[in-house]
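Trainee: I've got a model loaded and would like to talk through its helix packing. Can we take it step by step?

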Amino acid sequence: MSKEQAYYVPHGTYWPIIGSIGIATLFVGFANQMHGVEWGGSVMALGFAITVFMMFGWLGQVVNESVSGIYNSQVDRSFRWGMSWFIFSEVMFFAAFFGALFYARQLSVPWLGGADNNIYTPELWNGFKTGWDAIAFTTPGATLQSGVEMSVPTQLVNTWGLPALNTLLLLLSGVTLTFAHHALRAGHRHQIIGWLVATIALGSAFLGFQIMEYGHAYHDGLKLTSGIYGSTFYMLTGFHGFHVTVGVIMLTVILYRIQKGHFTADNHFGFEGVAWYWHFVDVVWLGLFIFVYWL
Amino acid sequence: MIEVLIIVVIIAILIALGFGLMGLLKGGSQGSDKMFKSLVTRVALSVALFIFVIFSGYMGWIQPNAVVFDAPTIQAPIQK
């Protein structure tokens with residue numbers, strides 16, 4: 001790391017504008033795809049490709065600058081602050097989704113069924129009962145006023161099957177990552193590689209089983225259109241699955257960087273950032289497993 | 001009672017994770033040590049909680065949410 005105390009000011013770069021063009025193209029394509037426009041999908045793919053190109057180029061440049069030793073402690077601090085703001089936004093995202101689950105399940109759905117002061121519910125719709133599986137009270141093939149057809153599942157996801165196995169896999173990946181972290185701090189490079197490969201394999205297995213579980217759920221008719229249960233289930237698990245995917249990609253990049261010898265026992269912020277992110281994703285899943293499937 | 005215990009442990013896990021983040025933000029050898037120790041705590045607590053939840057379910061102290069639908073279907077604020 002550089003001993004220079006003046007802040008490192010990078011040279012001029014085209015990457016931010018390339019990134020803006022990539023993301024704008026991606027969303028224009030996505031929006032048009034959602035409206036059924038023919039070229040939507042291709043424009044979306046083009047936007048995605050530009051974004052990936054930007055990430056490789058920009059982040060690769062940052063890695064090269066870091067390895068060449070031109071960053072000082074001020075730049076190190078700015079990276080740490082950047083990471084903390086990113087994590088703050090992530091926490092807010094998940095807090096909103098968990099909040100939606102809590103509000104729907106504990107408050108609004110019971111109110112529909114006449115809880116608290118809604119004593120007139122039976123007067124209005126005689127025989128109307130509700131519960132967390134409120135979707136069951138919809139006639140199959142019924143259409144909402146918005147014209148969306150509701151999908152009525154034959155059963156909910158079985159807690160003891162894939163969800164429990166997936167929780168075990170993800171928790172084990174937290175353990176293997178901790179061993180990798182310990183090996184890095186102790187300077188044992190071969191051990192880090194072994195433990196990191198195990199972590200990536202466990203994360204990938206989790207994703208594979210999650211796809212299988214979605215397949216089962218979809219087959220049983222549990223979809224995003226299956227009322228509040230379907231919406232919250234797919235929103236929470238889908239968003240989490242996306243994070244695991246990103247985590248696996250980041251861990252793979254870290255594995256590549258360790259093989260290249262980019263980190264030392266006392267200078268490895270890249271590893272620490274990704275490790276913390278993985279622990280966070282792990283804790284979110286544990287929360288999901290307990291609140292969606294058990295409590 | 002079991003539910004309260006589970007939620008208390010979840011809060012403890014979140015606190016350990018939060019201390020880890022503080023270590024990450026601080027940096028240096030002190031921050032790095034703090035982060036590593038906090039994450040070890042969070043992993044240990046998580047594994048213990050998972051085992052406890054599965055054991056509680058096995059013993060019947062808590063019931064999973066997965067219920068098979070056999071409720072009557074009533075159409076209320078929707079149109080055919």
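Trainee: At roughly what angle do the axes of helix α1 (residues 15-34) of chain A and helix α2 (residues 40-67) of chain A cross?

Mentor: Bear in mind this is a predicted model, where local features need pLDDT of at least 70, side-chain atom pairs count only at pLDDT 80 or more, and totals for chains, interfaces and linings use all residues. Residues are numbered from 1 along each chain as its sequence is written, with chains lettered from A and ligands numbered from 1 in the order in which they are written. Helices are DSSP runs of H or I with at least four residues, numbered from the N terminus, and axes are lines fitted to C-alpha atoms over the stretch in contact, with angles from 0 to 180 degrees between N-to-C directions. These two axes come within 7 Å, and the crossing is roughly 155 degrees.

Trainee: What does that make α1(A) relative to α2(A)?

Mentor: Angles over 145 degrees count as roughly antiparallel. So α1(A) and α2(A) are roughly antiparallel.

Trainee: How many charged residues are in that contact?

Mentor: Asp, Glu, Lys and Arg count as charged; Ala, Val, Leu, Ile, Met, Phe, Trp, Tyr, Cys and Pro as nonpolar; the others, Gly among them, as polar. The contact of α1(A) with α2(A) has 14 nonpolar residues and 11 polar ones, and the charged count is none.

Trainee: Which element of chain A has the lowest mean pLDDT?

Mentor: pLDDT is the predictor's confidence in each residue, from 0 to 100. Chain A has a mean of 85, with 86% of its residues at 70 or more. Among its elements, α1(A) has the highest mean, 96, and the lowest, 70, belongs to helix α4 (residues 121-124) of chain A.

Trainee: How many helices does chain A have?

Mentor: Going from the N terminus, the elements run α-α-α-α-α-α-α-α. There are zero strands, and the helix count is eight.

Conventions: Angles under 35 degrees count as roughly parallel, over 145 as roughly antiparallel, 65 to 115 as roughly perpendicular and the rest as oblique.
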